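Here is a structure to go through by question and answer.

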Amino acid sequence: MKRRELLAAGLLGGFGLAAGGARPARAQAQATIRFLTPETDPSQVRVWQELIQGFAGVNRTVTIRPEYASWDDLVRKISADLIAGAPPEIVAGSSRTGFMASAARRNLLVDLAPLVDELGRDDFHKPSLEAWHYNGIQAAIPYGMQWPVLWCRTDLFQEAGLALPTTWDEYRAAAERLTNPSRGIYGACFPAGRTWNTEIQSSITIWAAGGHIFDERLNVSLDTPEVRRAMTYYAEMCRFSPPDIGQYGFREASAAYTSGKSATTFYWGRVLSHLYQQAPDLLQKTKTVHIPHGGKRATSLGWDEFVVYRGRNSRAALEYVKYLMQPRQVYMMMEPVIAHVVPTRNSVLPMLRQHEWVQKNPDIVTTLIEPIDFGISATKESPNHPFNYKWDAFQARNILPDMVQRIVLGREPVALAVEKAHKEAVEATRDIRQ
Amino acid sequence: MAPNEAEAALAREGGASWRAARRAGGLLAALRDQHLGVILLLPSALTFLVLLVFPLGYGIWTSFFQRHVLDPEGVWVGLGNYVWLFGNREFWHSLTISTFWAGATVGLQIVLGTAVALLLHQPFKGRSLVRGLVLFPYMMPVVSVVLVWMLLYNALYGVINYLLVASGIVGAPIAWLSDPDSAFWGVVFVGVWKYLPFVVVIVLARLQVIPQDLYEAARIDGAGAVARFLDITLHQIKDVLLVVALLRTIFMFNNFEIVFLLTGGGPLRATMTLPILVYEQAFGTYELGRGSAIAVVMFFLLIAVMSVYFAFLRKEPD
């Protein structure tokens with residue numbers, strides 16, 4: 001009997017302690033902000049930590065908790081958090097315009113227009129702000145913009161007596177000449193993994209051939225001569241790419257170049273920091289050119305941006321975004337990956353141009369930081385296209401990477417693979433309503 | 001006193017003590033006395049309900065909805081997701097891949113694991129050290145295992161390709177995980193390597209308790225090594241192997257991380273197992289209902305496998 005009473009008393013005591021113990025903790029509670037980003041280079045992570053510490057110095061009631069995900073897994077991570085009812089308060093750098101547009105439509109995002117006004121709307125690159133304006137709200141604040149270029153090993157081009165390519169035909173001829181498997185060197189680096197990188201690269205190839213993925217009425221337009229031509233070219237270039245491109249995403253495409261295995265690669269400016277960190281001897285042997293064109297010049301235009309999800313700590317999250325968007329902080333974010341991202345705030349540009357890497361490597365950075373007029377966003381394939389609200393559903397099904405894999409790895413005839421992709425895209429977007 | 005009378009007396013005594021307790025300490029004390037056992041069981045029961053029954057029920061419930069990740073309310077579609085599933089070629093393809101994946105990994109783990117356990121059962125110098133080292137793959141985190149094997153398999157700087165090319169066995173590096181023909185076996189090999197120690201440890205433990213006089217008797221009867229292995233060793237470890245086969249089948253059929261991290265289900269869906277298809281539906285295309293429907297089918301498939309196993313056990317004589 002005594003033992004039973006003791007047990008019961010212990011249980012009651014335990015509950016009491018738990019209930020009572022929670023009270024003082026609640027009294028001291030701070031707002032904790034989850035900050036999710038795919039920018040996970042060690043140098044970039046160091047900057048995130050510095051910024052968090054800097055913010056802690058000016059705001060003691062908000063704690064920032066950084067979380068990291070790969071570029072390919074970012075949206076999946078956000079999706080899982082949304083299902084759990086606990087999205088991160090801030091997402092930094094995703095460029096998933098379709099996904100964000102869906103989130104804006106469902107009222108999951110905080111309108112950042114007042115913050116843009118507070119920061120000074122005139123200081124921003126206007127088209128970048130407009131690209132993130134959905135459903136009547138400023139769904140994100142882009143702090144940087146970027147486009148891929150072609151990274152070339154000038155020593156290998158010179159050795160083969162080749163000029164850097166500007167057209168598809170020149171590039172194909174150069175890639176074939178430069179490919180030498182016995183030396184472990186490949187002329188090109190066209191990805192064929194089921195990855196976002198493959199999707200972007202195949203999109204660029206389609207646009208450069210004069211094709212579109214959706215027409216101006218947002219009907220799928222994959223099964224066209226332009227797309228078949230683009231995919232034929234893509235498959236040819238894969239022959240001059242490393243043997244394991246079937247797994248290539250962003251990291252592998254950059255590593256193939258910095259490791260000296262690939263004489264060229266499509267990539268954004270981040271390769272510059274990779275070269276400084278991993279292969280400084282290649283800096284003097286590298287030059288970038290804009291992506292060679294087929295029928296027309298085209299490249300993919302993307303952004304790094306802050307998105308704030310609705311939640312009880314949204315106000316505190318806005319405070320942190322405001323802190324991050326100050327010119328000095330924006331410059332800090334760009335410093336580890338100079339030339340990878342061009343600031344959308346005009347007031348940051350002079351700082352960027354003073355950077356040692358920019359001054360020392362004009363052959364590399366010019367194509368990366370000088371504004372272009374042939375950048376295309378997947379959700380708006382031409383000035384005549386409306387915002388593509390179907391892109392999210394199309395992208396989620398990996399239709400372009402699957403098409404590339406069928407052609408490159410499965411040796412399926414281009415016409416058949418394109419026709420299948422077209423049908424899949426029609427099926428995937430049939431029930432999508434604005 | 002007859003047994004019935006004794007029970008009646010006890011009941012009367014109980015009633016009396018209840019009444020006495022009410023008189024002495026009030027209703028609360030009496031309740032506490034009578035229901036303490038139930039109260040003490042409640043935390044376990046609640047934990048079971050919250051962690052097992054609720055997620056399972058919620059998963060089944062979700063499978064009756066068309067539910068987008070950004071629209072968790074969803075639309076009731078009844079058995080619509082199951083109709084879609086059974087008419088979907090990708091589902092049948094993934095079911096086939098999952099079956100082959102589980103079959104190949106479990107089969108190889110059992111055959112190789114038993115062989116290694118038999119070796120480690122023999123006396124030799126440094127046996128304890130080797131027994132410890134064999135556990136190494138099982139102790140490594142899956143992410144580390146995958147990273148190591150991705151490097152080993154790498155076409156440009158992987159050791160395997162380097163050795164194959166340097167020794168002239170192949171002319172050019174093989175894209176082990178990017179080629180639809182080799183990716184499946186590349187992944188199976190890692191699955192076997194990682195979980196082999198589980199089988200080794202269990203079989204070795206069973207081998208150590210087989211009575212030695214059985215072998216002596218067999219020797220006296222003139223049984224050779226093969227006969228002794230088949231009639232004594234295999235017979236003695238049979239039950240353990242069945243349990244191992246069941247556990248490993250459940251585990252490998254549900255295994256997600258090895259395949260996902262190595263190939264993501266590719267290339268060309270050559271390694272698209274059912275758990276990856278669930279993930280793809282839920283977090284790739286954001287169709288939670290369809291993802292749940294596949295998970296529910298997987299659950300019932302494994303229940304079916306377990307039923308076969310238990311039916312088999314029941315038929316076995318002691």
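Q: What makes up the area buried between domain 1 of chain B and domain 2 of chain B?
A: In this predicted model, about 360 Å² is buried between domain 1 of chain B and domain 2 of chain B, and carbon and sulfur atoms give 75% of that area. L56(B), I60(B) and T62(B) supply 86% of what domain 1 of chain B buries against domain 2 of chain B, more than any other three residues.

Q: Where do the two domains of chain B run, and how many salt bridges are counted between them?
A: Domain 1 of chain B covers 3–62 and domain 2 covers 81–315. Four residues from domain 1 and six residues from domain 2 take part in the contact. The salt bridge count between these domains is zero; a salt bridge would need a side-chain nitrogen of Lys or Arg within 4 Å of a carboxyl oxygen of Asp or Glu.

Q: What does the UniProt record annotate on chain B?
A: The unreviewed UniProt entry places "domain: ABC transmembrane type-1" on residues 95–309 of chain B. That span is 77% helix and 0% strand, with its end C-alpha atoms 20 Å apart.

Methods
Residues are numbered from 1 along each chain as its sequence is written. Chains are lettered from A and ligands numbered from 1 in the order in which they are written. This is a predicted model: local features need pLDDT of at least 70, side-chain atom pairs count only at pLDDT 80 or more; totals for chains, interfaces and linings use all residues. Side-chain values use heavy atoms; hydrogens and water are left out. UniProt positions are given in the numbering used here, feature names are shortened, and annotations may be inferred rather than shown by experiment. Helices (H or I, at least four residues) and strands (E, at least two) are DSSP runs, numbered from the N terminus. Domain bounds come from an automatic or database domain assignment. Contact means heavy atoms within 4.5 Å. Buried area is the accessible area (1.4 Å probe) that two parts lose on being put together, summed over both.
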